[in-house]
Amino acid sequence: MATSLAFHRRLRLPFALALSALLGLTTIFSLSAQDTGTPRETRKEKNAIMLRLVCLAGMKDEEDFVIASKDEEGNWVEHQQVKLRTTFISEWLKVTQGRLYLTQRSGDTLVSRCAFTYPAGARRAVALIFPAKTKGDFRAQIIDPAKEAFSAGRIMLVNYSSTPGVVMLGSRRTDVKPGKSVVVKPQAGEDGMFRMVVGYADESDKLVACYDRYIPGIDKSRDFLFLLPDPVLGLRVLSLSEFGPFE
């Protein structure tokens, strides 16, 4: 009887080892299948070339646009359809590097309303869209947030006027020349608030205020502050906040 039990134990041992090995292979294949699913697609999406549009003015309540490029034969290649309006920030849109066009449909073809070049090496870019001299057309200023160190909690000052601008963010003064942009971090007080004053300097370098607000800090957003020409005040201010995800 003892001999018979020992014999059966020897039979069960290889079977148990084989079963254990089979379960181990099943687990490995299961984990491998999971690894080739959503996580890979997420990594691919994270590394995609993305563009966000910031629209200042010159558009209707809502207009349909197509972001496109051209192939070697000059044919249109469509990338994204997007609805835009004045003072609006779009979602992140998947595009390609190189020359891009903001177009609108006209019959069976596309008509370019704005042309710009996506910066080489940038994973994320922001296009500031504003009216051109020709009615219905636009110009674009392209920004690489990583290159500009434009992160959450900071403000990008952009001067689209011909007047040298002066911006006070708390106790910090920043001069912004016409056509230039500067990224700054406000110096908030202990209550998390700071005073924002925008204007220009007179002949004695005294600040002539055109805009004066007391506002809270902006830890969870990136803000744009546009300095625009104004025939009465000298400068007009447009502020837009961009919320995440930033990457």
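A polar contact is a pair of N or O atoms within 3.5 Å; within protein, one must be able to donate a hydrogen and the other to accept it, and residues adjacent in sequence count only if both atoms are side-chain atoms.

**Entry 1: ground rules**

I am working with a predicted model, where local features need pLDDT of at least 70 and side-chain atom pairs count only at pLDDT 80 or more, while totals for chains, interfaces and linings use all residues. Residues are numbered from 1 along each chain as its sequence is written, and side-chain values use heavy atoms, with hydrogens and water left out.

**Entry 2: Tyr160**

I started with the polar contact that gave me my opening definition: the side chains of Tyr160 and Gln141 are joined at 2.7 Å. I found Tyr160 in the loop between β10 and β11. For neighbours I used contact in the sense of heavy atoms within 4.5 Å. Leaving out residues up to four places away in sequence, Tyr160 touches Leu56, Leu128, Phe130, Gln141, Phe226, Leu227, Leu228 and Pro229. I also checked Lys177, which is 17 residues from Tyr160 in sequence and 9.1 Å from it in space, C-alpha to C-alpha.

**Entry 3: the chain as a whole**

I stepped back for an overview and read off three helices and 17 strands. Helices (H or I, at least four residues) and strands (E, at least two) are DSSP runs, numbered from the N terminus. I noted that 34% of the 247 residues count as buried. My cut-offs there are under 20% relative accessible area for buried, over 50% for exposed, and partly exposed in between (1.4 Å probe, protein chains only). Among contacts between residues at least 6 apart in sequence, 54% join residues at least 24 apart.

**Entry 4: aromatic rings**

How many aromatic pairs does the structure hold? I have six in my notes. Rings of Phe, Tyr and Trp (its six-membered ring) pair if their centres lie within 6.5 Å; planes under 30 degrees apart count as stacked, over 60 as edge-to-face and the rest as tilted.

I looked up Phe150 and Phe224 and found them edge-to-face, at 5.2 Å centre to centre with 75° between the planes. This pair links distant parts of the chain, 74 residues apart: Phe150 is in the loop between α3 (145-148) and β10 (155-159), and Phe224 is in strand β16 (residues 221-230). Phe150 and Phe224 are both buried.

Then I came back to Tyr160, this time with Phe226: the ring centres are 6.0 Å apart and the planes are at 10°, so the pair is stacked. Tyr160 is in the loop between β10 and β11 (165-169) and Phe226 in strand β16, so the pair ties together parts that are 66 residues apart in sequence. Phe226 is buried, with a relative accessible area of 0%.

**Entry 5: charges over rings**

I count a charge as sitting over a ring if NZ of Lys or CZ of Arg is within 6 Å of the ring centre and within 35 degrees of the ring normal. The charged end of Arg124 sits over the ring of Trp92, 5.9 Å from the centre of that ring. Arg213 lies over the face of Tyr211, 4.6 Å from the ring centre.

**Entry 6: salt bridges**

My search of the whole structure gave eight salt bridges, each a side-chain nitrogen of Lys or Arg within 4 Å of a carboxyl oxygen of Asp or Glu.

I picked out Glu242 and Arg52, whose side chains meet in a salt bridge (2.8 Å, N to O). Glu242 is in strand β17 (residues 234-243) and Arg52 in strand β1 (residues 50-55), so the pair ties together parts that are 190 residues apart in sequence. Both Glu242 and Arg52 are buried.

Next came Glu78 and Arg105, which meet in a salt bridge of 2.9 Å, N to O. Glu78 counts as partly exposed at 41% relative accessibility, and Arg105 counts as partly exposed at 48%.

**Entry 7: Glu63**

Where does Glu63 lie? I placed Glu63 in strand β2 (residues 63-70). Glu63 is buried yet has no salt bridge, and Lys60, the nearest side chain of opposite charge, is 4.9 Å away. For charge, Lys and Arg count as positive and Asp and Glu as negative; His and the chain ends are not counted. I did find the backbone nitrogen of Lys60 at 3.1 Å from a polar atom of the Glu63 side chain.
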